[in-house]
Amino acid sequence: MTSCILLTGGAGFIGSHTHIALTAAGHKVVILDDFSNAQHSVPARLEQITGQPVTVIDADVRDADALAKVFATHTIDAVVHFAARKAVGESMAVPLDYFDVNINGLITLLRAMDRAGCRRLVFSSSATVYGVPDEAPTPETAPFRAMNPYGQTKITGEQMLGWLQASNPEWAVGVLRYFNPAGAHGSALIGEDPRDIPNNLMPYVAKVALGQLPRVMVFGNDYDTPDGTGVRDYIHVEDLARGHVLSLEKLLSTGQGHVVNLGTGRGYSVLEVIAAYQRASNRDLPHVITDRRPGDVPIYVARADKAAEVLGFRTEKGLDEMCASLWKWVSNMADGA
Ligand code: UFG
């Protein structure tokens with residue numbers, strides 16, 4: 001069945017990949033994005049990839065009038081809510097901005113949806129809700145532990161959505177806890193914006209391979225992990241995008257909400273990522289061990305069986321494909337694409 005899906009933040013990294021996956025699955029998509037963390041070239045690139053016109057509304061998710069207009073103009077069956085701030089360190093510097101965009105933005109969206117009678121939502125959550133988890137792989141039943149304002153906004157968002165569903169069973173929410181999204185679209189036309197100095201490992205490594213940064217800083221090699229460096233569950237952004245399609249289709253067909261991890265269930269250390277990227281790029285990747293980064297968690301790995309059971313979701317792409325697609329994307333951008 002064809003549905004019309006609103007993607008807030010649909011021009012961003014995960015949103016744009018989800019647009020492609022939803023369009024391929026036969027759904028209509030409307031993007032709402034203020035381009036505060038997305039490139040203006042993305043809609044044209046999405047048209048190039050999908051071969052279909054892209055509908056974009058340039059607006060902030062906290063803009064109630066803009067949202068009311070979207071729901072008045074389009075018959076939206078469900079919403080995927082990506083629009084949010086997401087940098088852990090920055091959230092400690094400007095917590096009120098995080099509360100405003102991530103919490104007020106969510107409430108503004110929910111009010112607009114409620115008024116329009118659209119009560120199907122997929123919510124972008126994060127493994128960060130687990131804080132420092134007691135067990136790895138980490139199941140969805142692990143307790144919430146906020147480590148920073150960003151993590152708190154995801155916990156608060158999840159809790160509000162839980163109460164909303166409890167208060168009115170017409171609401172059905174798919175909460176997706178992402179582990180570490182990585183890679184880029186196979187076309188090399190869409191990927192994570194590589195313009196700034198990245199905080200995250202994968203885009204940082206990509207810049208070192210391109211010669212735009214001198215070396216990778218490995219934040220600590222004295223963790224209780226096989227090689228002492230931090231372990232993460234990297235998930236290809238195209239797999240992650242497919243998880244959203246499955247979540248939406250489940251919500252629309254059953255009217256039942258769910259909370260699932262989206263990860264591969266397999267972790268890789270910082271040194272393993274560097275080695276994989278070296279293979280993909282065929283470049284030397286100088287790296288140096290430095291102090292631990294404050295607030296870092298030793299291991300984040302998903303228990304992935306619930307997403308498989310509830311959504312039929314299984315990842316298809318491994319670390320080498322993440323590195324190869326990222327290398328293709330950043331090389332393409334560096335060539336002026
Ligand atoms: N790391 C380095 N050097 C770098 C950057 C990172 O050694 O230059 C290490 C980190 O210490 C960590 C690993 O690489 O061990 C991954 O770090 P990232 O910054 O790429 O990702 P995080 O796991 O810290 O955070 C990401 C998102 C968060 C999200 C979290 C959930 O940025 O928003 O995943 O897993 F909450």
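Q: Is Asn282 buried or exposed?
A: Asn282 counts as exposed, because its relative accessibility is 71%. Keep in mind that this is a predicted model.

Q: Where in the chain is Asn282 found?
A: Asn282 is in the loop between helix 9 and strand 13, the strand that covers residues 287-290.

Q: What is phi of Asn282?
A: The phi of Asn282 is near 60°, a positive value in a residue that is not glycine. Most residues other than glycine have a negative phi.

Q: Which other residue other than glycine has a positive phi?
A: Phe35 is one of them, with phi near 55°. Phe35 sits in the loop between strand 2 and helix 2 (42-50).

Q: And is Phe35 buried or exposed?
A: Buried: the relative accessible area of Phe35 is 12%, and the cut-off for buried is under 20%.

Q: Back to helix 9. Where is Ser281 found?
A: Ser281 is part of helix 9. Ser281 counts as buried because its relative accessibility is 7%.

Q: What does the side chain of Ser281 reach?
A: The backbone oxygen of Tyr277, at 2.8 Å. Leaving out residues up to four places away in sequence, Ser281 touches Ala209 and Trp327. Ala209 is one of the buried residues of helix 7.

Q: Why is helix 7 largely enclosed?
A: Helix 7 spans residues 201-209, and nine of its nine residues are buried, so the rest of the structure largely encloses this helix. Among the buried residues are Leu201, Tyr204 and Lys207.

Q: What covers the buried residues of helix 7?
A: The cover includes strand 7 (180-182), strand 8 (216-219) and strand 10 (234-236). Helix 9 (270-281) and helix 11 (319-334) are also part of that cover.

Q: Which residue follows helix 7 with a positive phi?
A: That is Gly211, with phi near 80°.

Q: New topic: the ligand. Which residues come nearest?
A: There are 19 residues around the ligand, and the nearest are Leu201, Met217, Arg232, Arg293 and Asp296. Leu201 belongs to the buried set of helix 7 as well.

Q: What is 2.6 Å from a nitrogen atom of the ligand?
A: A polar backbone atom of Met217. For Asn200, a polar side-chain atom lies 2.9 Å from a ligand oxygen.

Q: Moving on to Gly230. Where does Gly230 lie?
A: In the loop between strand 8 and strand 9 (231-232). Gly230 has a relative accessible area of 10%, so it is buried.

Q: Which residues is Gly230 in contact with?
A: Setting aside neighbours within four places in sequence, the contacts of Gly230 are Tyr223, Tyr268, Ser269, Val270 and Pro298. Gly220 is ten residues from Gly230 along the chain, and their C-alpha atoms are 7.6 Å apart.

Q: What about Arg242, where is that?
A: Arg242 lies in helix 8, residues 237-254. At 23% relative accessibility, Arg242 is partly exposed.

Q: How many residues apart in sequence are Arg242 and Ala21?
A: They are 221 residues apart in sequence, while their C-alpha atoms are 6.1 Å apart in space. The two residues are in contact. Other contacts of Arg242, beyond four places in sequence, include Phe313 and Glu316. The side chain of Arg242 also makes a polar contact of 2.8 Å with the side chain of Asp239.

Q: Last one: which residues does a cis peptide bond join?
A: Ala136 and Pro137, with omega about -5°. Most peptide bonds are trans. Pro137 lies in the loop between strand 5 (120-126) and helix 6 (149-167).

Conventions: Residues are numbered from 1 along each chain as its sequence is written. This is a predicted model: local features need pLDDT of at least 70, side-chain atom pairs count only at pLDDT 80 or more; totals for chains, interfaces and linings use all residues. Side-chain values use heavy atoms; hydrogens and water are left out. Buried means under 20% relative accessible area, exposed over 50%, partly exposed in between (1.4 Å probe, protein chains only). Helices (H or I, at least four residues) and strands (E, at least two) are DSSP runs, numbered from the N terminus. Contact means heavy atoms within 4.5 Å. A polar contact is a pair of N or O atoms within 3.5 Å; within protein, one must be able to donate a hydrogen and the other to accept it, and residues adjacent in sequence count only if both atoms are side-chain atoms. A residue is near a molecule or strand if one of its heavy atoms lies within 4 Å of it.
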